[in-house]
Amino acid sequence: MNKPIPTWEPLSPEVLADQLGTYDRMRAACALAESPRGVTLFRHADVVAAASDPKTFSSATSARRAVPNAIDPPEHAAWRGLIDPFFAPAHMAALEPRVSAIAQALVAALPRGAVVDAVSEIGAPFAVRAQTEWLGWQGIEDELLSWMADNHAATRSGDRARTAAVAAAFDEIIRAQLRRRRESGATPPTDPTTALLATTFDGHPLDEADIVSILRNWTAGDLGSLAAALGVVVRFLATHPDVQQHLRAHPEGLAAAIDEMLRIDDPFLVNRRVTTADVRIGDHELAAGTRVYLNWTSANRDEAVFGDPEAYQPERNAPDNLVYGVGIHACPGRPLATMELVVAVRALLQATPSIEPAPGVEPVRETYPLGGWRRVPVRLR
Ligand code: HEM
């Protein structure tokens, strides 16, 4: 039987005011729903099935080249072979002390006893400083912070000309970094940006456009995701003093704990696919060429897999956690993101006896294209 697909308005003010609650209600009522933007999959099994079938659910969703995000098999595997080594354990271990120093300095400078916004005063500056340290882009932190704000506002506005202008501005930031290295003569700095310039693909140096695209995917989206992820984690710690105290005594459990906090309130909402053939999902038929949204945030709260979505159970839920995706496009930056988040939270816990919600100041939820929190007022003791 081919049932009509229910409709919804994912960017209506009502949905944006309560993304998590809406996804919970949608998931309980229907496996998928349609809007003029495409069809959204809400349930864990359907999201995993689509992400695991790149032949039917292609990532080539826009005309713009995005390496490796929008590339399908077989070409995709070669790009991942090139990209994944940048996140190898030895590189992450070498970077960790430098990121740790950044986190400790940032936390040391935060006021005690006053209201601190965990997103704009911890998450965003930490994400930008850690990423610029990793890539060797020191000195442009303020430029990147103001770009992040412009990018978010442009995406929310839905104005294509504005988003295109912001994207072009970011490409220019990247090209300036590439020029700086090319002009630095025989001894460019040793960092991943220089390494990418020296990398070959099929025996040839990479096209400038591909280098820019790779660097864009390592920075543009992920600065926002990291900042938002820290907001979610700090909010969880502030509102769950028992978990906070446990982690103070057992910091070795931080990586698993952070993954679980992000599962409960995943700030990385959706990724797109386009169907290459007619495909059946439950009682519904999607025609070839349908734009599909994999809703990670909803799938990560699916009662069929996790029981009570709010229940904090790091070990039990780890195997099904979709915060970093699944399938061939699963996040290559996961080791970096995890290291950065662990280092930041460890610095916060080590430098304070307690993190509490700031009395009398309400937190504010974030809206599409991100989830989690826009403002998380906390008080550090
Ligand atoms: C908390 C932080 C992060 C979250 C929640 C996150 C989440 C994700 C998810 C869900 C995907 C799957 C996309 C899909 O299936 O279409 C993905 C892919 C990707 N992520 Fe991350 N990510 C984070 C941080 C990072 C960082 C720090 C980097 C790099 C520096 C990175 C680079 C990428 C790239 C390049 C892809 C595309 C992989 C491919 O298409 O093969 N991410 N990420």
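## Two open sheets

Strand E1 (residues 32-35) and strand E2 (residues 38-41) run antiparallel and are joined over 4 bridges, where strands count as paired if DSSP finds at least two bridges between them. Helices and strands are themselves DSSP runs, numbered from the N terminus, with at least four residues (H or I) for a helix and at least two (E) for a strand. Ser-35 stands opposite Gly-38 in E2, and E1 and E2 form a hairpin with 2 residues between them. This is a predicted model, in which local features need pLDDT of at least 70 and side-chain atom pairs count only at pLDDT 80 or more, while totals for chains, interfaces and linings use all residues. Residues are numbered from 1 along each chain as its sequence is written, and side-chain values use heavy atoms, with hydrogens and water left out.

E1 and E2 belong to an open sheet of 5 strands with mixed pairing, in the order E1-E2-E10-E7-E3, whose edge strands, each pairing on one side only, are E1 and strand E3 (57-58). Within this sheet order, strand E7 (residues 270-275) and strand E10 (residues 291-295) run antiparallel and are joined by 5 bridges, with Arg-273 opposite Val-292 in E10. Helix H3 (residues 44-51) lies across E2, E3, E7 and E10 and runs at about 120° to E10. Such angles run from 0 to 180 degrees between N-to-C directions, and the axes are lines fitted to C-alpha atoms, for helices over the stretch in contact.

Another open sheet has 3 strands in the order E4-E14-E11, with antiparallel pairing. Its edge strands are strand E4 (115-117) and strand E11 (355-357), each of which pairs on one side only, and neighbouring strands of this sheet are turned by 45° against each other on average, direction ignored. E11 pairs with strand E14 (residues 377-380) in the antiparallel sense over 3 bridges, and Ile-355 stands opposite Leu-380 in E14.

## Helix H16 and its partners

Helix H5 (residues 89-108) packs against H16 at an angle of about 40°, with the two axes 9 Å apart. H5 and H16 are therefore oblique to each other, on a scale where angles under 35 degrees count as roughly parallel, over 145 as roughly antiparallel, 65 to 115 as roughly perpendicular and the rest as oblique. Their crossing is right-handed; a crossing has this hand if the near helix is turned clockwise from the far one by less than a right angle, and is left-handed if anticlockwise.

The crossing of H6 and H16 is right-handed, and the contact is made by Ile-122, Phe-126, Ala-130, Gln-131 and Trp-134 of H6 together with Leu-336, Glu-340, Ala-344 and Leu-348 of H16. These residues divide into 7 nonpolar, 1 polar and 1 charged.

## The H7 and H8 pair

The axes of helix H7 (residues 141-157) and helix H8 (residues 160-182) come within 8 Å and cross at roughly 155°, which makes H7 roughly antiparallel to H8. The crossing of H7 and H8 is left-handed. Their contact includes Leu-144, Trp-147 and Ala-154 of H7, and Val-166, Phe-170 and Ile-173 of H8, and by class it has 8 nonpolar, 4 polar and 3 charged residues.

## The iron site

Cys-331 is the only protein donor of the iron atom of the ligand, through SG at 2.3 Å. Donors here are N, O and S atoms within 2.8 Å of the metal (3.2 Å for Na, K and Ca), and sites may look incomplete because water is not among the atoms. Cys-331 is placed in the loop between helix H15 (314-317) and helix H16 (334-351).

## Backbone details in loops

Cis peptide bonds join Val-67 to Pro-68, with omega about 0°, and Pro-73 to Pro-74, with omega about 5°. Pro-68 is found in the loop between E3 and helix H4 (75-83), and Pro-74 is also placed in the loop between E3 and H4. Asp-202, although not a glycine, has a positive phi of about 55° and is found in the loop between strand E5 (200-201) and strand E6 (204-205).

Notes. Contact means heavy atoms within 4.5 Å. Ala, Val, Leu, Ile, Met, Phe, Trp, Tyr, Cys and Pro count as nonpolar, Asp, Glu, Lys and Arg as charged, and the others, Gly among them, as polar.
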